[in-house]
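Look at the structure shown below and keep the sequence beside it. The paragraphs that follow go from the strands to the helices, then to the cores and a single residue.

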Amino acid sequence: MIARTHYSSDQIIAERGEQIYAERFQAEYEQHYSGQYVVIDILTKSAYVAAFQEEAINKAKAIAPNGLFHLVRIHTPTLFERCI
């Protein structure tokens with residue numbers, strides 16, 4: 001596990017969260033959980049999915065109260081987004 005002090009800014013946490021999401025979860029979650037939310041704990045690389053933002057955040061905090069979290073809205077890219 002990575003120490004909390006390694007992440008000194010919100011921007012670094014967001015970038016790491018997006019990277020973990022893209023590498024580990026995005027392909028599967030866009031197929032199965034479109035429109036829902038996922039909270040990524042960047043310390044453990046764990047993901048917590050729920051229909052509502054607050055629900056996803058509460059799940060993550062209940063399991064990992066000391067985590068560093070990044071929230072992502074799961075969606076399937078539109079045809080236009082895939083063409084860009």
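Helices (H or I, at least four residues) and strands (E, at least two residues) are DSSP runs, numbered from the N terminus. By that rule Asp 41 lies in strand E1. The model is predicted, so local features need pLDDT of at least 70 and side-chain atom pairs count only at pLDDT 80 or more, while totals for chains, interfaces and linings use all residues. Residues are numbered from 1 along each chain as its sequence is written, and side-chain values use heavy atoms, with hydrogens and water left out.

Start with the sheet. Two strands pair if DSSP finds at least two bridges between them. Three strands form an open sheet in the order E2-E1-E3, with antiparallel pairing. E2 (46-50) and E3 are the edge strands, each pairing on one side only. E1 pairs with E2 over 5 bridges, and Ile 40 has Ala 47 in E2 as its bridge partner. E1 and E3 are also joined by 5 bridges; here Val 38 stands opposite Val 72 in E3.

In a regular strand the side chains alternate between the two faces of the sheet. Buried means under 20% relative accessible area, exposed over 50%, and partly exposed in between (1.4 Å probe, protein chains only).

Next come the cores. A nonpolar core is a set of buried Ala, Val, Leu, Ile, Met, Phe, Trp, Tyr and Cys residues joined through side-chain atoms within 4.5 Å. The largest one has 13 residues, and among those with the most contacts inside it are Tyr 21, Phe 25, Val 38 and Ile 74. Helix H1 (10-32) and strand E1 (37-41) each give two or more residues to this core. H1 supplies the largest share, 5 residues. A second, separate core of 7 residues includes Tyr 37, Ala 50, Ala 56 and Ala 64.

Finally, return to Asp 41. Is this residue buried or exposed? Asp 41 is buried, with a relative accessible area of 1%. Contact means heavy atoms within 4.5 Å. Leaving out residues up to four places away in sequence, Asp 41 touches Ser 46, Tyr 48, Ala 64, Gly 67, Leu 68 and Phe 69. The side chain of Asp 41 also reaches the backbone nitrogen of Leu 68 at 3.4 Å.

Note on methods: Polar contact = N/O pair within 3.5 Å; in protein donor to acceptor, adjacent residues only side chain to side chain.
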